[in-house]
Amino acid sequence: MIPNGSRKRQRLTHHHTSSTRLSSTAAIIETFPDKTISESSQKLRRTSSSSTISSATAITTIPNTITSSFNDPSTADVILRLFVDHSPFHSATPSDSADQSDIQIYLHSRVISRAKYFAALLSDRWQHQTNTDTQSNNADEDSRSNDNNNLVHLNLGVLDHPNSITVHLTVLQLLYTNDFATIIDSASTALEILPVALELLFEDCVKSCVKFLEAVPWSEEEEKRVLRLIPFLREEESKELLARVSPGKGDSCEEMLHGLILAAIHNLPNMAFVKAFVAKLLRDFSSRESARMVLERAFETSLKIVKESLEEYSSPDFRGDHNETEAIQRLNLHTAMTNGRHLLWLVERMIELRVADSAVKEWSEQAAFTADLQRAFRDDAWRNIVPGLPAVVLRCTCKLANAVAAGTILAAKQVRMKLVKDWLPVLIVCKDNVSPMLPSHKTLYLELEETFLRIISTLPMPDAQVLLQQCLSFSTRNVEDCPHLVTAFNTWFRRATQRPQLENLD
C-alpha cells in the first residue's frame, strides 16, 4: 500500500476530437467480484519519482528487449479483460468497432508492475486482502477461482471515447519496452498516451511523454490539451511545460511590443518590411491601452533625442577644434534626421490606432524645440547634410494637426491654440528659407497651411485674430491661388460683423 501521506494522483478527462480521452478505470480481480479496484485504488497515491510501491514487486531495471512477449498466453500469469464501460447516461455510438470494445489480453505480472497501479494490485498485501475476502464469497465464485488458480484475472473498463481501447493497448504494449521513441513520435500521440500513463501510474511513460512535449512545437489545440493535463503532473514535471505558456514577471506583452518597435525603427536593415509587420501586430493587438503605452514610450524617447540633437546643433560648443566641432554638428543633424523619421512612423501608428492624444499635447508644448528649429533652418549648413529634415519635422506636425482638425483627436482649446502658435513660425521659416522648393514640399506646406487655418477657425475670435495675422505669408502673387487664406479671413470677418448671439437672445 502507498503511504497515506503521499500525494494522490487525481483522475482526469482527456479531450480531443480525434484522440482518446482519459478513461475511468474499473478493474476488478475476478476472484474478488464484490470489491472493485476502482474503490480500492482510491488509496493509491502518485509519489515522487524516487519512491517505489513495494521492493518485492517493483522492477528496478527493464532491458530494452523484454523476454516476455506482449499478449503471449503460453507464458502469461495475468489475464486482463479490456472493455468499454458504457455509462447509462451515455447514449453515443461506441467509437471502437464492435470486436474491439471487449478484448482479453495475456500479460506478465513482472512486466506490468512497471505501472504502479498494477504493482499495487499484484502486491503481496493486496493479494492477501483478496484471498481473505475471497473466502467469504459464495461457492460459485470459489469454484471459478480454483479453476484459474495459476492466473490472476483483472478487468479494466474504459469510458467510451474515441480510440480509448486502442490507446490503452498502446500503453500496455509500452510496458514491454524502454524504446518509447518509436511510438511517441508526435505531440498528438504523446497527448493521447499521457493521460492513460497517468491513470496507470506508469512513470517511465509519463516521463517520456512530458520530455517529448517539452521539446516539440504545439498547435493551438494541442496547447489547450497540455494545459488541461498540467494540473495532474508533479511540479518538476510541469515546470518546463508551464514556462512555455506562462508570462514572466511584469507586463510581458508591453515589453515585447516595445522591443519590437525599437527593433523596427533602429536595428534591422529591411526596415520598411519590418515596420509594416510591426504595424500589423499593433493593429491586431487586443489591448489598445497597451499599444498606447508602448507607442507613447517610444514617441517620448525619439522626441527627446531629436530635441537634444537640435539643441546641441543650435547652440554648439566652439571651445574645441574646428574640424571636431563640425563633425559633431554633422552628427547632431544626422541623429535628428534619423530619429525624426522614427517619430513620423510612430505618429502615423498612434493616429491609426486613435491613441495620439498625448502626442498632440506633447507636440503643442514645444516652444523651445520650435525655436531651435527656426534657428537651425535659417542657417545654410544643414542643407547639404540633411536636406530632408524640414519636411520630416513638418510631416509630423501635419499628421497630428490633420487628426485634430478632422476630429480624430479631440484636443482641448489650449492645445489647439498652442499647436498652431508654436509650429506656424516653423512652417513660415521653412517656406522662406528652403530652396529650391520641391513639388512634394510645396504640397506639404499647402496642406499644413490649410490645416492650421481650419484649426484657427475653431478658436475664440481674439485668439483667431492674432494667429490669422501671422498667416499673411500664405498669400501668393495671384490672390486666386490662395483660396484657403481668403476663406479663413472671410469667415473671421463674417463672425466679427454679425450681431452677438447674446443680444439676439434678449
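Biologist: What is the mean pLDDT of the protein, and how should I read it?

Modeller: pLDDT is the predictor's confidence in each residue, on a scale from 0 to 100. Here the mean is 80, and 74% of the residues reach 70 or more. This is a predicted model, in which local features need pLDDT of at least 70 and side-chain atom pairs count only at pLDDT 80 or more, while totals for chains, interfaces and linings use all residues. Residues are numbered from 1 along each chain as its sequence is written, and side-chain values use heavy atoms, with hydrogens and water left out.

Biologist: Where is confidence lowest, and where is it highest?

Modeller: First, a word on the elements: helices (H or I, at least four residues) and strands (E, at least two) are DSSP runs, numbered from the N terminus. The lowest mean, 37, belongs to helix 1 (residues 37–40), and the highest, 97, to helix 15 (residues 357–363). Over residues 1–43 the pLDDT is below 50, yet this stretch has 136 contacts in the model beyond near neighbours in sequence; a contact means heavy atoms within 4.5 Å. Residues 91–98 also stay under 50, and the model has 14 contacts for them beyond four places in sequence. Where pLDDT is low, the predicted coordinates should not be read in detail.

Biologist: Good to know! How many helices and strands are there in the protein?

Modeller: There are 22 helices and three strands. Among the contacts with a separation of 6 or more, 79% are between residues 24 or more positions apart.

Biologist: How do the three strands order themselves in the sheet?

Modeller: Two strands pair if DSSP finds at least two bridges between them. In this case the three strands form an open sheet with the order 2-1-3 and mixed pairing. Strand 2 (102–107) and strand 3 (152–158) stand at the edges with a single partner strand each, so one side of each has no neighbour in the sheet. From one strand to the next, the twist averages 20°; axes are lines fitted to C-alpha atoms, for helices over the stretch in contact, and angles run from 0 to 180 degrees between N-to-C directions.

Biologist: Which strands run parallel, and which pair in the antiparallel sense?

Modeller: Strand 1 (residues 78–84) pairs with strand 2 in the antiparallel sense over six bridges, and Phe83 stands opposite Asp102 in strand 2. Strand 1 and strand 3 run parallel, joined by seven bridges, with Arg81 opposite Asn155 in strand 3.

Biologist: What packs on the sheet?

Modeller: Helix 6 (residues 164–174) does, touching strand 1, strand 2 and strand 3, and its direction makes about 155° with that of strand 1.

Biologist: How many residues of helix 6 are buried?

Modeller: Buried means under 20% relative accessible area, exposed means over 50%, and partly exposed lies in between (1.4 Å probe, protein chains only). Nine of the 11 residues of helix 6 are buried, so this helix is largely enclosed by the rest of the structure. The buried ones include Ile165, Val167, His168 and Leu172. Besides the three strands, their packing partners include helix 3 (116–121), helix 7 (187–199) and helix 8 (203–215).

Biologist: Now backbone angles. Which residues have a positive phi without being glycine?

Modeller: Most residues other than glycine have a negative phi, and most peptide bonds are trans. Asn71 is one to look at, with phi near 60°; Asn71 is in the loop between helix 1 and strand 1 and is partly exposed, at 35% relative accessible area. Arg354 also has a positive phi, of about 60°; Arg354 is in the loop between helix 14 and helix 15 and is exposed, at 52%.

Biologist: Last one: how many disulfides does the structure hold?

Modeller: A disulfide is a covalent bond between the sulfur atoms of two cysteines. The cut-off used is a pair of cysteine sulfur atoms within 2.5 Å, and the structure holds zero of them. Cys398 is buried at 4% relative accessibility, and Cys482 is buried at 3%.
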